[in-house]
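I opened this model to look up a few local features. My entries follow the display.

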Amino acid sequence: MRDHPWRGVRSRAAALAVCTLTAAVVATGATPAYAAADTQPPTAPGPITVAAIDTTWVELTWAASTDDVGVVRYPVSARFEDNGLTWSTDTNSIRVTGLRPSRTYTFFVSALDAAGNSSPSSGPLRLTMPPGDDQPPGAPGQPVAFDVTATVVRLRWAHSLDNVVLERYEVFRVDAGGALTVVRDVSQYPPNNSAQISGLTPNTTYTFVVRARDEVGLLSPLSAPITVTTLPPPPSCEVRSVARQWSDGFVAHLTVRNTGTTAVDGWTMTWRFWASQQVHGIWGAKVVDRPTNSYLRVGNTGRNAVIPPGGSVSLGLVASGTQLPQEVTLNGGLCEVADE
């Protein structure tokens, strides 16, 4: 039988349609087969360099990564203290806007290929933006001593005000001639408005001032000074305790004796006392504060402030919980537990 003259044309057309359909299926697939099988990450981008910069923006560039298939995107990130920012670009450069003058950022860049493989990060670029700040911080508030022992003074003060960002506080000891010596540098972010000064000499008077520094390095005026006297050396002491206890509370009687050779004139005692416990009654002393969630501190009344050598003071309390007084200290000195 003779072929119809259109039979070959139809066959070629059908073949062409099949090829076209196959091409369409490949073209519209979500991920090419080569990308799905790609497990090799790109190389790390080259070091980040600054191409241009102003007070609020920076243009960064880096050597391009290489990949066996191809790099499709560069994630860019920056950190300022505990804050993070992210951007993305499909080229080996980016212009980052919305930054703050005088602020220090650390930039990183990595590369992604079509299969989602991520390269190692580039080396960090630590960059301080050009200054846009010419206003120093205000003076901190006058320090207040909220905890004093024989060798430690704890201070707190009202924060300085600054138009950008405070970087740190510096605590100075003021010597007799007016010279300043740095004793603490409070540099965490945001800087705390308190500091502990340790290693002091018992029964000694000190004067302290505080100064603020902002990110540009501008310094505040000094705060008003505070003068504080550390306590005498902790006395030698021993403690006896008697307690009557029930399931959710107790009554405790403590006798603390001064075993040293000098009189104690004014005292505080601390002992273990959990945050969940409450004092329902106390005699022979008054509650001062809870220096931590694990301790209670009490102080003398007007009638028993002085404990002569060999003398003793008695006190008692009614409290909730099951933690009886333990690790009793007198003016910071740990008391020995006396045998009953």
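I began with the hairpin, in which 4 residues connect strand 9 to strand 10. The model is predicted, so I note the limits: local features need pLDDT of at least 70, side-chain atom pairs count only at pLDDT 80 or more, and totals for chains, interfaces and linings use all residues. Residues are numbered from 1 along each chain as its sequence is written, and side-chain values use heavy atoms, with hydrogens and water left out.

Strands here are DSSP runs (E, at least two residues), numbered from the N terminus. I count two strands as paired if DSSP finds at least two bridges between them. Strand 9 and strand 10 run antiparallel and are joined by 4 bridges; Ala145 has Leu155 in strand 10 as its bridge partner. On strand 10 (residues 153–156) I also found antiparallel pairing with strand 13, over 4 bridges. There, Arg156 is opposite Ser194 of strand 13.

I read the 3 strands as an open antiparallel sheet in the order 9-10-13. Strand 9 and strand 13 (194–197) are its edge strands, each pairing on one side only. On average, neighbouring strands of this sheet are turned by 25° against each other, direction ignored (axes are lines fitted to C-alpha atoms).

**Largest pocket**

I list the lining as 8 nonpolar, 7 polar and 3 charged residues, with Gly counted as polar.

**Two single residues**

Is Thr106 buried or exposed? I find Thr106 buried, because its relative accessible area is 18% (buried means under 20%, exposed over 50%, with a 1.4 Å probe and protein chains only). Thr106 is in strand 6 (residues 104–109). Beyond four places in sequence, Thr106 has contacts that include Ser77, Arg79 and Pro124 (heavy atoms within 4.5 Å).

Arg244, in strand 16 (residues 237–246), is exposed at 56% relative accessible area. Not counting residues up to four places away in sequence, Arg244 touches Phe250 and Val251.

How values were computed:
Axes are lines fitted to C-alpha atoms, for helices over the stretch in contact, and angles run from 0 to 180 degrees between N-to-C directions.
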